[in-house]
Amino acid sequence: MPKIPSISPATGQPTSPHFVHTVDGNFVDSHGRTLLFRGVNLSGSSKAPLGEPSYLLDGFWESAEAGGNSFISRPFNLDDGSADVHLSRLQGWGFNILRYPVTWEALEHQGPGIYDFDFMDYTIRVLRKCKEYGFKVYMDPHQDIVMVSILRRLGAPYWTLAACGMNPRNFTATQSTILHHEYPLAHEPDPASIPAMTWSTNYGRLAPQTLFTLFFAGRDFAPKCVIDGCNIQDYLQSHYIEAFGQLADRIRDAGDLLDTCVIGWDSLNESSEGLVGYLNLHVLPTKQGSTLKKGPTPTPTQSLRLGMGQAQTVENWTFNAFGPRRVGSVTIDPKGLTIWADPSSEPDGVHPRYGWRRGPEWQLGVDIWALHDVWDIETGYVMRPDYFRYLPAAEFSTPEEEIAEVEFVADYWAPHWQAWARRIRKAHPEAIHFVAPPVFAQPPPLPVEDLAGRCAYSAHYYDGLTLVTRHWNWFNADAVGLLRGKYRSKFQALKIGEGAIRRSLQAQLKTLKDDAPILGAYPSMIGEVGIPFDMDERRAYGWTDGGRHKGDFSSQQRALDASLNAMDGPNSLNYTIWTYCPDNVHSWGDLWNMEDLSLWSVDDLRLRHKSTLYQGNGDNSSALLLGAHRATQSRSTVRLGATGGFTPGYPSQLSLATMPPPANDEGHKPDITSFSRWDSTFDFLTDGARAVKAFSRPYPIATVGIPVDIRFDIAKAEFRLVVRVRAEDAPLAVPSRRQHALIFLPIVHFAADRTVGSLLDQSRCKEDLSTPDLDIDDRLVRSRSSETLRGTPRGPYPPRPLRNGLAVAVFVSAGRWELDGTTLRWWYPVPGVGEPEREYTIVVARRGGRIVTKEEPGTGSC
């Protein structure tokens, strides 16, 4: 590791002891140790105000048009004790960093320049609570189609749609966007029937495509779209950047959060090019990574016509394990309805609520691309199908000049990022900028003065086949390789068998990690990775086969383990899993477009007091669920039929503690505002968790040197770490107790029998204190400090009654170790100046083999 600077490269000020450096491709602490951050997104439910899930249509339009509601109580309630339970759980799973989603809507929902400072102050309280539990946090300005939102609950304030001259009440009729609460028809919605990941097809629909184009490239492609004297691009970007700037200012002024807890800021979540760079509006692009074909799939040309109310016959697609497949055509007839706002909505060119004045060339009621002579509304003819392919200056090029094609990331995304970074650094001078270009796109070179030595490359990765099909398949494909042009045909990218799939996932993550040096010698963070838990028609929820597979998350465990194993090996990647939702329920998942990726669900809590507490009965009918909602909606709660799941009712400010018990609960409800519900740490950390053994993994928290290989075998409960140490890796002048590596050992894998307690399957697993049967190098020796076999967890988690120990056997190639709770400390020699580098290995296994509980399906041995 190169010498750690004592002076900040961003500010020129001395660095503090808690400073996290970004050097030599790694996060590094003030002692010169390599840090590894492993965490989760807190939370997916923060996409919407409390009590307003994406499936709920009742009162939606009226509330949105009135300015919406506050996001206070997101991501959880701070005043009833439940926040401590949730954060203790996350800490106990081994997470040390949180990606913290905040939407633009949450900050500026009432109107342009009207900020929700009460929500910002609530966010500060939540961040302080996260700090109490030792978490580092990086803030996530979150959108999910579209940043300039297709409607509320998806990222940006509702008023941005009006500013763009749109009438979102006609989005469904024109198929300009798929709205969950109006799926499949606005007058006959059945939101529970929406196919998996249908929301992501919106990247290829008119409203999001137009909005992204206006946000990033309005000056060039929509020069007539002027509002309050400035182009719509500048209007939107300036409001977005300043809203988050206000939040950053507020966090700074709190005085106790920057750098000790909040270490940095992500850039715009999963941004898209919109129409920018499209070669031909008559066909769907092949280069853009946002063109999932599923359901009715109009071309951009057809979308333009639909947006003006003209009927179109479009391709219809389905998606199965072998990818997209066309299944004929369907006709979409908007019956004259258009997404463009009626001129009467702005008398004399002034909006009656928001007060902006539209420029004279921006005629409401007309498609803005028709205003710019891209197509003719009356005939439907597209005069300029390549309008978005070239930089506008190309129109004036002489025949001898080479026409410049648009490069979205370099031409539009990068300038926006620079403006964003400069405003954030004004409030947070030492911020680490987590640079997140569009998904799977390489980052562009960015100015050194903007990165300021404080940067990390932030990519997202999902196993797309598993995500879309909701099934762990026996084959997969190298998605990154396909998008990067590695193969001549799709068949070459095919990977057959679980071993090949796991190797492919690890290779794809290496490709993403190798993009980081484009920015400089900075670390990589995988900001989102995860799998759906509602696989195989929600079999694990007991919704199929008469409930025979209820609680069986083995497929989910294999899928998630494959993705997180890809972060290990030689990649040694930092990551934050998507997601942890305190209000996830089986019926509606994460309460957003039927996504169900939360690591924990209230519906998966164990039965207590012989009740059927929070155990769904499997009826996923929208009629039942929404009927129950309408019948029971009040200012306090909403019960989702007889499923045993709850979501807060508009407009209350509820927590899990205030929700009434489900109908099948026999009057009992869980105490999840304290730890009294659980008998042991193992019980606490596994109750309600899904595939917990896949995501609560051992890893090196801090390493003297560099971790060059990380391996964890769930089936054997065996962890291996190889560390490379050079003379320059010697820790800085610190007490000898700090000159060691720190390794997290999860309770869910290494707990002693007494910690597992009554959950242990005694017939299949009994702790054996003898040496495990391990495939280990003869050079590995057991440390002399093996008598420190069991320890006591430290810190706020967990309360004293839950404290129990581990049962581990540890083998090291050099040095000594000791166990302190769930943290293993490992001392080993560092080469002297002029000596060659060395590699050391440590192996940790559970005595007696892996833990098998009574809840695990099937039979077998430890």
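User: Which residue with positive phi follows H9?

Analyst: Gly309 follows H9, and its phi is near 85°. This is a predicted model, in which local features need pLDDT of at least 70, side-chain atom pairs count only at pLDDT 80 or more, and totals for chains, interfaces and linings use all residues. Residues are numbered from 1 along each chain as its sequence is written, and side-chain values use heavy atoms, leaving out hydrogens and water. Helices (H or I, at least four residues) and strands (E, at least two) are DSSP runs, numbered from the N terminus.

User: Are the residues of H9 buried or exposed?

Analyst: Buried means under 20% relative accessible area, exposed over 50%, and partly exposed in between (1.4 Å probe, protein chains only). In helix H9 (residues 300–307), 8 of the 8 residues are buried, so H9 is largely enclosed by the rest of the structure. Its cover includes H7 and strand E13 (312–320), where contact means heavy atoms within 4.5 Å.

User: How do the side chains point in strand E28?

Analyst: In a regular strand, side chains alternate between the two faces of the sheet. Val808, Val810 and Val812 point one way from E28, Ala809 and Phe811 the other way, and all are buried. E28 runs antiparallel to strand E31 (residues 838–846), joined by 5 bridges; Val808 has Arg846 as its bridge partner in E31.

User: At what angle do H7 and H11 cross?

Analyst: Two packed helices are described by the angle and the distance between their axes. The axes of H7 (residues 206–221) and H11 (residues 408–427) come within 10 Å and cross at roughly 115°. Axes are lines fitted to C-alpha atoms, for helices over the stretch in contact, with angles from 0 to 180 degrees between N-to-C directions.

Conventions
Two strands pair if DSSP finds at least two bridges between them.
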